[in-house]
Amino acid sequence: MSTPSPPMSLLAELTHRCPLACPYCSNPLELERRTAELDTATWKRVLDEAAALGVLQAHFSGGEPMARSDLVELVAHARSRDLYTNLITSGVMLDATRLQALAEAGLDHVQLSFQDVDEAGAERIGGLRGAQAKKLTAARLVAAEGIPLTLNFVVHRLNVERVPAMITLARELGASRVEIAHTQYYGWGLKNRGALLPTREQLEEATAAVEAARRAYGPTLVIDYVTPDYYADQPKPCMGGWGQRFVNISPSGRVLPCHAAETIPGVIFPNVRDESLSAIWNDAPLFTLFRGTEWMPEPCRSCALKETDWGGCRCQALALTGDAANTDPVCSLSPFHNRVKAAVEEQRENEFLYRRYENIPEFS
Amino acid sequence: MNNLAPDCVPSFARGHRLREDVVRGVWVIQAPEKALIADPTAAAVLQLVDGQVSVHEIIDRLAAAYDAPREVIAGDVDALLTDLVERKVLAI
């Protein structure tokens, strides 16, 4: 088999520690502890190996990446390897001093998450009092420094009606981009799907609001919009194809094709402590397992769209059908598509489980 | 008819950079959440954009380097830079 194309982007999940407890967090249910985290020297080696492999962008994420005391050092190191550096943060640990240090290290872009525009709603989702004021302060600091700013909003049943105000806030805070991303239902999000999944009417209203804002603002504010695929008939090309463009490294050094890949059973998770990033990307069974189209069952195998959607999402296939090698059940051609249709009809719930270490479900 | 004044000095906007991608053998413009591939012509122009050199001088240098008619180069440079200014990749 020929060498695969190198990844474009590295998501460096520096830590799973976070002051917030959002119930749709993309981290796995089994959160990693501080004692398991990679040290600074190993992260620097990983950044060197990523740049040599062909990665162009390093996204520093978490958990809350600002909980790592070596963040500035890692950003500077990434820049020294000509990587584009992006900080994905909640903003609650950002102050003028740390921002200045990050700017001097060469940080290229900041993505700042907001849970809502409504303070009570935001702080109920994030589970941290006082967070909203800190986030607003952080956004103003970033804008004043002149670093390009993207506001990230994860939307769901409890905040989706405020999409127009979210876009207005992004504009007021001087952001050049805003992401309106519907919750994706993996891990914590799947656990809390009953509370978070919007109704079809809510989705349609949000979509119309985004389209209206795009018309109103034109190129002055880029709006990225991610829909919840439960209402779709065609799957998303998850991660641009398994092991094709994107590599994720967990706090303990596990190398993954996506955030949720640790749910895949019966496969060894390769670790940067044991092997080089290029050896893992090119040859690790976790990466070759679903790369390309050879692994595909029907109806994907004979489908004209197989190199468009790459069979959709492996983790969603696993979560909803019990087998990661099945066609993503979002696809109307999947024999399990009725499971997605049933989920959108389910009675909604009002309680959710916070993403916290003490809430990690027990596994037998 | 050119859009940009000859004496204006373009520079990359904050958070936007040109780099050579030696692994893939292309030049790319790095930007928030995207990387745009610069074709060889665009890459030749953009390597001269450093916040010091004017549009006029960029055209002069390219005309000398490529031994091409100045007005042809001027049209290409103006079209490229105007587009990138509109997209906020460059500032003038």
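This is a predicted model: local features need pLDDT of at least 70, side-chain atom pairs count only at pLDDT 80 or more; totals for chains, interfaces and linings use all residues.
Local features here need pLDDT of at least 70 and side-chain atom pairs count only at pLDDT 80 or more, while totals for chains, interfaces and linings use all residues. Residues are numbered from 1 along each chain as its sequence is written, chains are lettered from A in the order in which they are written, and side-chain values use heavy atoms, leaving out hydrogens and water.

**The interface**

Let's start where the two chains touch. Contact means heavy atoms within 4.5 Å, and buried area is the accessible area (1.4 Å probe) that two parts lose on being put together, summed over both.

| Item | Value |
|---|---|
| Residues from chain A in the contact | 28 residues |
| Residues from chain B in the contact | 15 residues |
| Area buried between chain A and chain B | about 1600 Å² |

Carbon and sulfur atoms carry 46% of that buried area. On chain A, the trio A:Leu56, A:Asp82 and A:Tyr84 supplies 35% of the area that chain A buries against chain B, more than any other three residues.

A:Asp82 also pairs with B:Arg17 through a side-chain salt bridge (3.1 Å, N to O). Four salt bridges are found across the interface, each a side-chain nitrogen of Lys or Arg within 4 Å of a carboxyl oxygen of Asp or Glu.

**The cavities**

A cavity is a set of points on a 1 Å grid over the protein atoms alone where a 1.4 Å probe fits but cannot get out; its volume is the space filled by probe spheres set on the points, which are joined across faces, edges and corners. The structure has three cavities of 30 Å³ or more, and the largest cavity has a volume of about 60 Å³. Its lining residues (an atom within 4 Å of a point) include A:Cys238, A:Trp242, A:Cys258 and A:Arg314.

Technical notes
On a 1 Å grid over the protein atoms alone, a cavity is a set of points where a 1.4 Å probe fits but cannot get out, and a pocket is an open set with protein on both sides within 12 Å along at least five of seven lines; lining residues have an atom within 4 Å of a point.
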